[in-house]
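The paragraphs below take a few places in turn.

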Amino acid sequence: MSFPIETTAVEDLGSISLQGKPSDEGWKEDSDSELDSFITEDQKIIPAIIGDIRSDDRRTRLIATTKIRRLLQCRPPEVGVQPVINSGLVPTVVEMLSADDNKFRAEAAWIVSNIASGTSAQTATVVEAGAIPKLVAMFPTHISDVQENALWALGNIGGDCERFRDMVAEAGGIQPPLDVLDAPEKHTEKVQNTASWVLTCYLTPRYAEFGLNVIGQMIPILAKFLRGAPVDTNYETLGYIVIALDRICVNEAAAEPTISTGILPRLVELCTADNTELRCNAIRCVGRFTAGTLASTDAAIEAG
């Protein structure tokens, strides 16, 4: 599956609805009219799909689950999400996150992610159904579709509001994206990209800052990744990493541990990157140090 990372402003990297190519099994292309037919006049999912998604037959259940995912994938949240909620399907989908079958886990995480890209009230339905611990429990996994979809769901939930972000953190949801970035050679570039985006969601500026115990875990992994990834092939991911470091360094106490990683020369190097967005984010991040204490200003100057 392929999920493009949408271009967003530095201060607005919040919930994004997943798009892309669906899995093959049990799926056929649905026309616009067919997708519209999945919703009743009273804004619910048609009974046939509700019955099928609760069927004992695996193929029947998978096809129905895929239809729900296709509806949310191809319709904006304001159109597709509420009928799923109104039909009482959220607990059913959330329960699928714990399935033994990876196809159901991947589809369910995709659906949860798209529900969490809606309003805060809509996001609350997956949180109240117990999605956060189930999403965290999906890691570690070597199935890239499961990894990517679960990360997207955690990012959309954590990016919705500070309360949900803190619930994700308390459930251990910070560790999965960090584990990906700490060992990028074990993960696809898309999974790396999603993991870096998730951290920017957790670090949304409107939220209270994490304590040093949390950002202390993030800084060395982000610095390590930034030093090792080539600009020409990972500029989106690098951009998210730089944004995450920039948001961390809003806290002046984070400057010293960041400088101690030796990452400043790399950040200065990225200030002349060919990619405009990456270059601007790097300049913004380096500016945190030049505008900080005398020690951090000196460190930035010495870095070039």
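This is a predicted model. Begin with helix α18, which covers residues 294-302 and has Ser296, Thr297, Ala299 and Ala300 as its buried residues. Viewed down the axis of α18, these buried residues fall within an arc of 160°, so they line one face of the helix. An α-helix has 3.6 residues a turn, so residues three or four places apart point the same way. On the other side of α18, the exposed residues are Leu294, Ala295, Ile301 and Glu302. What do the buried residues of α18 pack against? Their partners are α15 (255-260), α16 (264-270) and α17 (276-290).

Next comes a pair of helices. Two packed helices are described by the angle between their axes and the distance between the axes. For helix α9 (residues 144-158) and helix α10 (residues 162-170), the axes come within 7 Å and cross at roughly 135°. The two helices α9 and α10 are therefore oblique to each other. In this contact, α9 contributes Leu154, Ile157 and Gly158, while α10 contributes Phe164, Arg165 and Val168. By type, the residues of the contact of α9 with α10 are 4 nonpolar, 1 polar and 1 charged.

Finally, turn to a single residue. Leu35 lies in helix α1, which spans residues 32-36. Is Leu35 buried or exposed? Leu35 counts as buried because its relative accessibility is 1%, and buried means under 20%. Leu35 and Leu72 are 37 residues apart in sequence, and their C-alpha atoms are 9.5 Å apart in space.

Note on methods:
Residues are numbered from 1 along each chain as its sequence is written. This is a predicted model: local features need pLDDT of at least 70, side-chain atom pairs count only at pLDDT 80 or more; totals for chains, interfaces and linings use all residues. Side-chain values use heavy atoms; hydrogens and water are left out. Axes are lines fitted to C-alpha atoms, for helices over the stretch in contact, and angles run from 0 to 180 degrees between N-to-C directions. Helices (H or I, at least four residues) and strands (E, at least two) are DSSP runs, numbered from the N terminus. Angles under 35 degrees count as roughly parallel, over 145 as roughly antiparallel, 65 to 115 as roughly perpendicular and the rest as oblique. Contact means heavy atoms within 4.5 Å. Ala, Val, Leu, Ile, Met, Phe, Trp, Tyr, Cys and Pro count as nonpolar, Asp, Glu, Lys and Arg as charged, and the others, Gly among them, as polar. Buried means under 20% relative accessible area, exposed over 50%, partly exposed in between (1.4 Å probe, protein chains only). The arc is that of the directions from the helix axis to the C-beta atoms.
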